[in-house]
Structures are given as C-alpha cells and as structure tokens.
Amino acid sequence: MNLLLVEDDPVLANGLMSALQRANYRVMHQDNGRLADQLLTVQEFDLVILDMGLPDMDGAEVLYRLRQRGSNVPVLVLTARNTLNDRVRGLDFGADDYLAKPFDLPELEARIRALLRRGSSGGSAPLQLGELSLDTTGQRATLRGEPIELLARELSVLKILMLRAGRVVSKELLCEQVSCEGEELSINAVEVYVHRLRKKLEAGGVNIRTLRGLGYMLEMP
Ligand code: CA
C-alpha cells in the first residue's frame with residue numbers, strides 16, 4: 001500500500017513516517033502544499049494523509065484540486081484547528097475522514113485501515129477526456145466505447161497525459177514516471193511511445209500536441 005503523507009511539521013512527520021513504515025506501509029513524505037499538489041497530478045497513491053496548514057498551498061486547496069481532477073483516492077485530513085468550520089470546509093472539499101491533532105498513533109492506524117478497506121472495495125473512477133476513457137484499475141483504454149490496443153508503457157504515458165490534459169507535460173517527467181523496475185526511460189523511448197500513441201488516438205479526434213523544447217499536451221480539437 002502506497003501512502004502519501006503531507007505534513008510540514010518535521011517532528012510529527014518523522015514520527016508518523018517511522019510508525020507507518022513499521023506498520024508495513026510504503027510512505028512518501030511531502031512538506032509543501034504546492035509540491036504535494038504537483039506530485040498528486042503524476043503519481044497515484046492508495047491513501048493521502050493531508051495536513052490542513054501547509055506552506056505555499058493549504059491542505060483544503062490541495063484537496064479541492066485533487067477532487068477537481070476526478071481523483072477519488074481516500075484522504076484523511078489532519079488538523080490542529082479542530083473547529084467545526086475547518087471540519088466542514090475539509091469535508092466539503094472531499095475529505096473522507098478527519099483527525100484532530102494531537103492524536104494517538106493507534107487511532108490514526110485504525111482510521112487508515114478503515115479508509116483503505118473502503119477504498120479497495122470502491123475501485124477508482126475512470127479518467128475521461130471527451131470520448132477517450134482510461135480505466136485506471138483495469139489498465140484499459142477505450143475511444144468512443146471501442147477498446148484501443150495499447151502496450152503497458154503506452155498506457156502509462158497516456159495516463160500521465162490524461163491526468164494533466166490541457167497542460168504541458170515535459171519529456172523528462174514522462175521519462176521519470178514511466179520508469180520500469182526503477183529504470184528510467186530514455187527521451188528517445190518516450191518519443192517513440194508518444195508517436196505510437198498519437199497514431200492510435202488521432203482517429204478519435206484526440207491530439208497529442210508537441211511543444212518544441214517543452215514537451216507534450218493532450219488536447220481535444
Ligand atoms: Ca501544518
């Protein structure tokens with residue numbers, strides 16, 4: 001299970017990291033709201049533990065943007081500000097559960113287990129762009145309801161482009177994210193996958209635009 005912990009208090013973050021790792025979760029840590037938001041656009045997690053008060057972008061904004069992108073990853077919000085207002089705001093923006101600081105570790109672990117159980121039974125929603133749809137769990141893409149034949153790495157590239165549709169995705173980011181067993185793809189390989197993907201999508205009116213020197217952008221005509 002891959003968890004993302006977004007918490008800017010270093011003492012609390014370190015304590016939580018080691019406790020969660022002892023409980024056999026793989027945990028990534030981010031202490032900045034804006035960087036967490038960027039990470040969440042390119043990487044999938046099974047659960048996000050999100051502090052509300054964060055530098056550069058607050059937790060509520062991170063959460064709002066995550067839900068706007070169509071993600072339904074379970075989010076457990078941590079807040080020092082346990083006022084009714086903050087709770088309502090977080091829940092409005094799509095938090096699945098709340099924990100007010102200070103809290104006990106067993107309590108946190110129980111909430112995480114409950115959310116993961118709920119999350120795994122629900123499955124995640126498909127990504128949708130016009131008539132292009134990507135089933136994130138089944139790794140299956142369809143265009144106008146017809147399945148498209150895609151290799152695993154083409155699917156990975158497509159997923160990253162769809163998560164950031166309408167925005168520029170650099171080749172370097174694709175190299176990093178479409179790594180295979182820890183090994184990054186070369187720029188040449190990324191170009192080949194994008195080229196093949198473009199051919200397979202163009203019949204459905206979905207275009208992968210090349211922005212010279214910048215990267216690619218997935219767009220509808
Ligand atoms: Ca904080």
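The model is predicted: local features need pLDDT of at least 70, side-chain atom pairs count only at pLDDT 80 or more, and totals for chains, interfaces and linings use all residues. Residues are numbered from 1 along each chain as its sequence is written, and side-chain values use heavy atoms, with hydrogens and water left out.

**Calcium site**

The calcium ion has three protein donor entries: Asp8 (OD), Asp51 (OD) and Gly53 (O). They lie 2.2 to 2.3 Å from the ion. Donors are N, O and S atoms within 2.8 Å of the metal (3.2 Å for Na, K and Ca); water is not among the atoms, so sites may look incomplete. The sequence spacing of the donor residues is D-x42-D-x1-G. Asp51 counts as buried because its relative accessibility is 3%. Gly53, at 35%, counts as partly exposed. Buried means under 20% relative accessible area, exposed over 50%, and partly exposed in between (1.4 Å probe, protein chains only).

**Sheet**

Five strands form an open sheet in the order β2-β1-β3-β4-β5, with parallel pairing. Its edge strands, β2 (26-30) and β5 (97-100), each pair on one side only. On average, neighbouring strands are turned by 20° against each other, direction ignored. Such angles run from 0 to 180 degrees between N-to-C directions, with axes fitted to C-alpha atoms, for helices over the stretch in contact. Strands β1 (residues 2-6) and β3 (residues 47-51) pair over four bridges. Leu5 has Ile49 of β3 as its bridge partner. Two strands pair if DSSP finds at least two bridges between them. Helices (H or I, at least four residues) and strands (E, at least two) are DSSP runs, numbered from the N terminus.

**Nonpolar cores**

The largest nonpolar core has 31 residues. Leu158 and Leu201 have the most contacts inside it. Helix α6 (152-163) is among the elements giving two or more residues to this core. With seven residues, α6 gives the most. A second, separate core of 20 residues includes Val6, Ala36, Leu40 and Val62. A nonpolar core is a set of buried Ala, Val, Leu, Ile, Met, Phe, Trp, Tyr and Cys residues joined through side-chain atoms within 4.5 Å.

**Salt bridges**

The whole structure holds 13 salt bridges. A salt bridge is a side-chain nitrogen of Lys or Arg within 4 Å of a carboxyl oxygen of Asp or Glu. Three of them are tabulated below.

| Pair | N to O distance |
|---|---|
| Arg69 and Asp37 | 3.2 Å |
| Asp51 and Lys101 | 3.0 Å |
| Asp97 and Arg111 | 3.0 Å |

Arg69 lies in the loop between α3 and β4 (75-79) and Asp37 in helix α2 (residues 33-42), so this pair ties together parts 32 residues apart in sequence. Both Arg69 and Asp37 are buried. The calcium donor Asp51 also belongs to a salt-bridge network with Glu7 and Lys101. Lys101 is partly exposed, with a relative accessible area of 22%.

**Backbone geometry**

Most residues other than glycine have a negative phi, and most peptide bonds are trans. The peptide bond from Lys101 to Pro102 is cis, with omega near -5°. Pro102 sits in the loop between β5 and α5 (105-122). Asp56 has a positive phi, near 75°. This residue lies in the loop between β3 and α3 (59-68) and counts as exposed at 57% relative accessibility. Arg144 has a positive phi near 50°. Its loop runs between β8 and β9 (146-148).
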